[in-house]
Amino acid sequence: IKQKKRHMGDTKHFCPVSLKENFVLYPGLQEYAAKYKEKIYYFSTSEYREKFLESPEEYVAHSEPLQAPPLRVCLLGIHGAGKTTCAREITDKLGIFHIQFEEYLQELILPKTKRKVGPSFDEDHEDDNKIPEELEDFSQTMTKTETEETKQEVELTDEEEAIKANLKNNIELPPEVLDKIVPDWWKKEPFRSTGFILDGFPRTSDEASYLSERGLCPDVAVYIQVEEGDIFNRLFPPRLKKWKEKQLKKKEYKKKVKELKAKKRV
């Protein structure tokens, strides 16, 4: 027995209300289906189904086809997998935005912290090479302004503290903080009409659930899988170079302290 052919609506199996109001292609469910003008439409929630039935003409095509949203990609992978390098090349070719999630968080608190935070950045600001107070008068490298800046204490908001904890200790951001950051990339310009590659988010199952619960669906999620040896060869040389530079600075510091002590004795 041949089944009767179904005539799908303008958005096929995607929810027309999600497309109209959130500019997102969100898959509809059969249990939330409705028929309008001999065409079947699927909806992501029962609320959206009722909203469609109240004023269906707002959500269907008229003289022109419905506009599809731009490309939105989530690019995933462990540290050193090459996500940022790949993302930059793709965004240059497609003309969409590149959002590096961790870098974006750094920019949000940078006006107060004055420097980037996190394990790799904290190493660059250790006090190992700080001139002892009793020798500061003889030092030509530390200005009054720099001394005052180090003594300033910056108060962060609860939201900024959560971002700092995420960057320093990898503590997950609560949904109320994500709500102030992530939805704008789907719903506000210039991202809404241009599209983007979101580099480094989501990183956990909870963050992936957050996107699903908010109806923020990427068109593609790409996971870059890399061999451990390749990661080592990529990350170790710059880390070794950085370590050598740090050891050289320590050597110079000890030499400077020795010279300052000699001047003070004189």
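# Reading the labels on a predicted model

Mentor: P202 sits in the loop between β5 (196–199) and α11 (205–213). This is a predicted model, in which local features need pLDDT of at least 70 and side-chain atom pairs count only at pLDDT 80 or more, while totals for chains, interfaces and linings use all residues. Residues are numbered from 1 along each chain as its sequence is written, and side-chain values use heavy atoms, with hydrogens and water left out.

Trainee: What makes a stretch a helix or a strand here?

Mentor: Both are DSSP runs numbered from the N terminus: a helix is H or I with at least four residues, and a strand is E with at least two. By that rule the protein has 12 helices and 6 strands.

Trainee: What is the peptide bond from F201 to P202, cis or trans?

Mentor: It is cis, with omega near 0°. The bond from E189 to P190 is also cis, with omega near 5°, and P190 is in the loop between α9 (183–187) and α10 (191–194).

Trainee: Where do K114 and N170 lie?

Mentor: K114 is in the loop between α4 and α5 (119–122). N170 is in the loop between α7 and α8 (175–178).

Trainee: How do you know whether K114 is buried or exposed?

Mentor: Under 20% relative accessible area is buried, over 50% is exposed, and anything in between is partly exposed (1.4 Å probe, protein chains only). K114 has 65%, so it is exposed. N170 has 59%, so N170 is exposed as well. Of the 266 residues of the protein, 31% count as buried.

Trainee: How do you know how many disulfides there are?

Mentor: A disulfide is a pair of cysteine sulfur atoms within 2.5 Å. For C74 the closest cysteine sulfur is in C217, 9.8 Å away, so the two are too far apart for a bond. The count by this rule is 0 disulfides.

Trainee: What label do C74 and C86 get for accessibility?

Mentor: C74 has a relative accessible area of 1% and is therefore buried. C86 has 33%, so C86 is partly exposed.

Trainee: Why is α4 called oblique to α7?

Mentor: Two packed helices are described by the angle between their axes and the distance between the axes. The axes of α4 (residues 101–113) and α7 (residues 158–169) come within 10 Å and cross at roughly 130°. That angle makes α4 oblique to α7. Angles under 35 degrees are roughly parallel, over 145 roughly antiparallel, 65 to 115 roughly perpendicular, and the rest oblique. Axes are lines fitted to C-alpha atoms, for helices over the stretch in contact, and angles run from 0 to 180 degrees between N-to-C directions.

Trainee: What is the handedness of the α4 and α7 crossing?

Mentor: The crossing is left-handed. That term applies if the near helix is turned anticlockwise from the far one by less than a right angle; clockwise is right-handed.

Trainee: Which residues of α4 and α7 meet?

Mentor: Contact means heavy atoms within 4.5 Å. E102, L105, Q106, L108, I109 and K112 in α4 meet E160, I163, K164, N166 and L167 in α7. By class, this contact has 5 nonpolar, 2 polar and 4 charged residues. Nonpolar covers Ala, Val, Leu, Ile, Met, Phe, Trp, Tyr, Cys and Pro; charged covers Asp, Glu, Lys and Arg; the others, Gly among them, are polar.

Trainee: What does F121 touch?

Mentor: Neighbours within four places in sequence aside, F121 is in contact with Q106, R115 and K116. F121 lies in helix α5 and, at 25% relative accessibility, counts as partly exposed.

Trainee: What makes Y48 buried rather than partly exposed?

Mentor: Its relative accessible area is 18%, so Y48 is buried. Y48 is in helix α2 (residues 46–54). Not counting residues up to four places away in sequence, Y48 touches C15, V17, S18, E21, N22 and F43.
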